[in-house]
Amino acid sequence: MRKVFLFSVLTVLAVAIFAAPVTIQFWHAMGGTDRIQLLQNLANEFMQQNPDIKVDVQYTGSYTDTMTKMIAAVRAGNPPDLVMIYDIGTQMMIDSGVIIPIQNMIDKDPSFDINTLVPASRGYYTVGGKLYSMPFNSSNPVIFYNKTLFEKAGLDPNNPPNTFEEFIEYAKKLTVKDANGNTIQYGFTFGSGEPLAWFFEQFMAVQNALLLNNNNGRDGRATKAVFANEAGLRIFNFFNEMIQNGSAINAGPGWDNARQIFISQRAAMLITSTSDVNMMVKAAQSGNFSLGVMFLPHPSGVPYGGVIVGGASLWMVNTNNAQREEATWKFLKFLESTDAQIQWSTGTGYFPVNKNAIIKLLYEGYYAKNPPYLVTVLQLLMSNVTPATRGGATGAFPQIRTAVDTAFGKMFTKAMTPQQALQWAQEQANQAIANYNSMY
Amino acid sequence: MKKNKMIRTILIEALLIFVTIIILLPLFLAVTMSLKKPSEVFVYPPTIFPNSFYIQNYINAFNSINLGRLMLNSLIMSVVIMIGKTIFGILSGYAFSNFRFKGSSLLFALLFVTLFMPAELIMIVPLFQIMQSLHWVNTYWALTVPFLASATTTFLMRQHFMTIPKELEDAAKIDGAGPMRFLLEILIPLSKSTIGGVAVINFVYAWNLYLWPLVVTNSNEMATAQIGLKMLTNVESTSNWGVIMAGTLMVLAPTLILFFAVQKLFVRGIVTTGLKE
Amino acid sequence: MAKKIFPYLLLVPTFIIIAIFIYYPAFQTFKLSFYRMSPFGNRLFFVGFQNFWSLFTSGQYIQSALTTLIFVTVTVIGGLIISLLLALLLNERVPGIGIFRTLIFAPYAISPAVAGTLWAFLLSPVAGYVSYLFLILFKAQPQWLTTYPLALIAIMIATIWKNLGFNVIFFLAGLQSIPQSYYEAATIDGANSVHRLLRITIPLLSPITFYLIVMNVTFTAFSAFATIDVMTQGGPANTTSTLIYKLYQDGFVNFNTGFASAESVVLILIMAIFTYLYFKFGQKAVFYQ
């Protein structure tokens with residue numbers, strides 16, 4: 001009798017639990033009203049297909065703000081189910097002790113084919129052979145150039161520079177001075193601060209050179225920075241030469257000033273993120289210039305590696321609630337689906353992380369109509385997936401970026417030679433890595 | 001004599017206009033940007049006046065982030081903090097300025113040292129843990145209660161009350177007024193301009209809080225206007241600066257209206273008449 | 001008896017709030033300064049004074065301390081002088097004074113991040129308004145955000161500009177409490193306006209000036225990180241990285257909580273010493289009626 005009673009109570013409870021809609025929290029850092037709306041629309045579409053799941057989509061500030069909010073929530077014991085974390089937070093998240101590696105979900109669920117993920121994105125978020133987070137908004141750096149200014153300078157707009165050496169030549173030819181010797185148009189511009197450090201990492205990958213030991217921290221925890229070598233020096237010299245000969249302008253920290261300089265046609269070439277492609281195409285149309293997009297240049301004679309995926313990925317949090325985790329996984333699969341990826345990519349400028357989405361867009365003629373998008377996707381797909389192009393993984397990454405940027409600053413202001421600056425950055429990086437690793 | 005006064009007024013007006021223009025230049029940039037179409041924002045040479053008074057930026061900014069609701073939240077938060085900080089600051093400032101009591105220096109020092117705690121940076125995580133245990137996350141409680149008192153206001157009110165002549169207090173005592181009546185009926189009316197000033201400052205402080213509201217709220221129904229402005233900023237892509245500046249200026253407006261009302265309290269001579277009678 | 005308790009009662013609300021929401025978190029910070037903690041707090045190691053030791057042996061930290069000293073000194077003194085002059089001007093009774101006061105207050109009311117963005121756009125090389133103006137007027141192209149010492153000067157200007165409103169309000173409020181009769185008496189004695197400023201206005205404003213000095217030092221030392229983050233990110237080559245900006249970076253960019261805690265303890269100690277000296281020696285210069 002008692003057993004029957006207990007059984008019926010359990011059954012009722014189980015039915016009640018499974019019938020009740022489950023709510024999951026999704027935190028993201030996609031500022032910009034279009035992007036916030038796009039994510040909300042995707043969630044709405046998902047909720048329509050799954051009436052038993054409610055997704056709370058919450059914008060949580062910039063990448064670092066989101067990380068701060070996540071840390072506070074984890075330490076107070078109330079984290080969200082799904083959170084968007086920037087690329088360099090990968091190792092910190094792995095070490096956080098609160099996440100579920102996506103690999104675990106994939107291994108349990110044969111309906112998800114991991115091979116549909118774009119190799120570069122999959123490679124970045126795979127550490128120690130395990131895919132930890134779901135790639136979502138992936139980007140690379142790319143060089144936008146002003147074809148109209150190329151023509152004015154007598155350069156072939158359809159033959160942009162390939163090598164460092166050509167790039168420096170072009171930058172010089174694209175520099176215009178007024179009668180007083182003041183520069184009114186530069187060949188090249190870039191944002192310093194975090195962007196510049198990111199570009200450095202990319203140019204290392206372009207030369208297929210590692211940033212960190214243990215295969216960039218992919219085969220075991222990275223214990224040393226290894227970028228103070230020939231490859232690193234070529235990059236420092238590349239930037240330094242253009243700054244010192246006055247053909248490049250350091251726009252100051254962040255992305256915005258460099259964009260301002262490029263869009264107002266005070267510089268002919270700009271290095272920035274592929275995810276900017278949407279806005280750049282619009283800016284070129286309204287600014288009456290013809291926009292070109294080129295791959296990152298590489299030093300001549302050095303075998304080409306590729307670019308590293310940047311942007312952010314989606315992390316599943318261990319909530320000890322099977323039902324919520326199941327719902328979160330379902331939502332993730334939806335976000336990775338071909339249709340969702342097409343909506344996301346065409347609406348933002350990030351490239352699709354699902355191969356089928358790229359194929360479908362290609363067949364539909366999207367890339368034929370929008371060549372700049374094709375360049376961004378091609379650069380990614382033509383990259384070799386090697387330890388170098390998968391990027392570094394270490395919890396000390398933010399400090400390393402600061403150190404690299406500071407080293408560039410010391411070189412630009414002639415406080416150090418390129419060699420000294422590079423060496424200094426590596427020492428700083430090693431110290432930060434040692435500090436971080438001492439905890440694990 | 002009258003002519004001299006006229007010339008003086010004109011000179012002062014001219015000087016004021018000159019100084020205001022210089023100081024407002026960066027804000028003027030915000031105003032023109034807010035009225036430009038995206039295609040006009042980044043041109044060379046930089047243009048001062050927009051070609052088209054593109055009001056659409058304001059409409060976009062207001063509608064795309066539900067700014068009305070966000071500003072209402074900010075308003076609730078800021079008014080509560082302003083009132084709390086100002087009242088508690090007056091009370092504690094009064095205690096330190098007009099009374100001698102055991103431990104007053106120690107207590108003042110304990111309060112004073114909190115001025116130097118970079119609270120907005122270092123306390124986020126422990127403070128959030130308190131909110132979680134109080135079940136205040138995502139409520140107005142979390143947005144307001146931690147900021148209801150501060151050393152800044154206490155210190156200011158102490159400094160101000162100390163400038164008020166002691167004879168007034170003695171006179172009030174002779175008239176049989178208790179310390180609370182003295183505060184309410186004499187001290188506060190005499191301090192209108194300082195209290196008005198500190199109220200505005202406290203309002204601005206709360207109005208511009210960003211990281212704390214972001215960490216402690218979890219829904220768009222509880223978010224504040226500063227979070228809304230951040231929503232307008234594209235990440236990893238060129239932003240629509242016209243819309244951002246339009247949003248910024250709309251969010252700025254309540255503070256300026258409040259200040260305009262308060263600055264009327266700054267009239268020379270109030271204290272004098274209070275003293276002479 | 002009731003009389004004795006009265007001042008304590010006045011302090012109760014303030015101290016309850018501060019005890020729970022400032023002392024308790026501050027205590028946590030103090031404790032963590034002796035630990036090394038992983039970003040998510042799941043690893044915690046007691047390291048004694050090692051965080052402090054690393055700070056003081058780091059050349060960058062010492063450099064930041066010097067930068068802070070220069071930055072705070074120039075911004076506070078410069079800011080207060082400009083604000084006092086502005087307040088005197090805004091204290092005149094002329095038509096439209098309310099509008100002028102409101103407009104001059106406006107920069108204080110915008111958020112530090114937006115203020116930084118506006119300045120960054122103005123000072124942006126080649127394309128910015130200021131750069132354009134310099135090119136036209138002086139045929140020069142100063143690079144405000146990326147060269148030393150221009151970057152530091154740019155940060156100072158932006159900070160002074162941002163805090164003008166705060167200082168002006170309290171100078172204005174302070175000017176209200178100076179009895180008009182003092183000026184009348186002085187005028188009869190034949191004092192000119194400069195004399196009146198130096199002999200009456202400035203001494204009588206000293207309590208509020210004392211307050212403003214303390215507040216400006218705390219502002220510039222503790223709150224100026226958002227503007228720096230937008231305008232220079234501490235660069236070029238660390239030359240605009242103040243102590244609070246470093247603290248912000250270690251705490252909220254690098255997520256190195258133990259280290260950031262040690263930095264805030266050091267900051268609090270520096271400020272406590274500064275305050276002690278100021279109260280001991282500076283107080284004498286303050287004139288209370």
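**Exercise 1. Find what Arg221(A) pairs with, and state which parts of chain A the pair ties together.**

Step 1. Look for the partner: Arg221(A) forms a salt bridge (a side-chain nitrogen of Lys or Arg within 4 Å of a carboxyl oxygen of Asp or Glu) with Asp95(A), and the closest N and O atoms are 2.9 Å apart.

Step 2. Arg221(A) sits in the loop between α10 (213-217) and α11 (230-244) of chain A, and Asp95(A) in the loop between α4 (90-94) and β4 (99-100) of chain A, so the pair ties together parts that are 126 residues apart in sequence. Helices (H or I, at least four residues) and strands (E, at least two) are DSSP runs, numbered from the N terminus.

Step 3. Check the accessibility, where buried means under 20% relative accessible area, exposed over 50%, and partly exposed in between (1.4 Å probe, protein chains only). Arg221(A) is partly exposed at 31%, while Asp95(A) is buried at 9%.

A word on the ground rules: this is a predicted model, in which local features need pLDDT of at least 70 and side-chain atom pairs count only at pLDDT 80 or more, while totals for chains, interfaces and linings use all residues. Residues are numbered from 1 along each chain as its sequence is written, chains are lettered from A and ligands numbered from 1 in the order in which they are written, and side-chain values use heavy atoms, with hydrogens and water left out.

**Exercise 2. Work out which elements Arg401(A) and Glu201(A) lie in, and which network they belong to.**

Step 1. The side chains of Arg401(A) and Glu201(A) meet in a salt bridge, with 2.8 Å from N to O.

Step 2. Arg401(A) belongs to helix α19 (residues 397-412) of chain A and Glu201(A) to helix α9 (residues 194-206) of chain A, so this pair ties together parts that are 200 residues apart in sequence.

Step 3. Arg401(A) is buried, at 5% relative accessibility, and Glu201(A) is buried as well, at 7%.

Step 4. Now take a pair within a single helix. Asp256(A) and Arg259(A) form a salt bridge at 3.1 Å, N to O. These residues are three apart in helix α12 (residues 256-263) of chain A, so about one helical turn separates them. Asp256(A) is partly exposed at 27%, whereas Arg259(A) is buried at 3%.

Step 5. Return to the network: salt bridges with shared partners join Glu194(A), Glu201(A) and Arg401(A). Over all chains, the search finds 14 salt bridges.

**Exercise 3. Describe how strand β2 (residues 53-59) of chain A is enclosed and paired.**

Step 1. Five of its seven residues are buried, so strand β2(A) is largely enclosed by the rest of the structure.

Step 2. Strand β1 (residues 22-28) of chain A runs parallel to β2(A), and seven bridges join the two; strands pair if DSSP finds at least two bridges between them.

**Exercise 4. Characterise the interface of chain B and chain C.**

Step 1. Count the residues: 98 of chain B are in contact (heavy atoms within 4.5 Å) with 92 of chain C.

Step 2. The buried area (the accessible area, 1.4 Å probe, that two parts lose on being put together, summed over both) is about 8800 Å², and carbon and sulfur atoms give 78% of it.

Step 3. The rule finds one salt bridge across this interface: Glu92(C) with Arg8(B), at 2.6 Å between the closest N and O atoms.

Step 4. Helix α1 (residues 2-34) of chain B gives the most to the side of chain B that touches chain C, with 17 residues.
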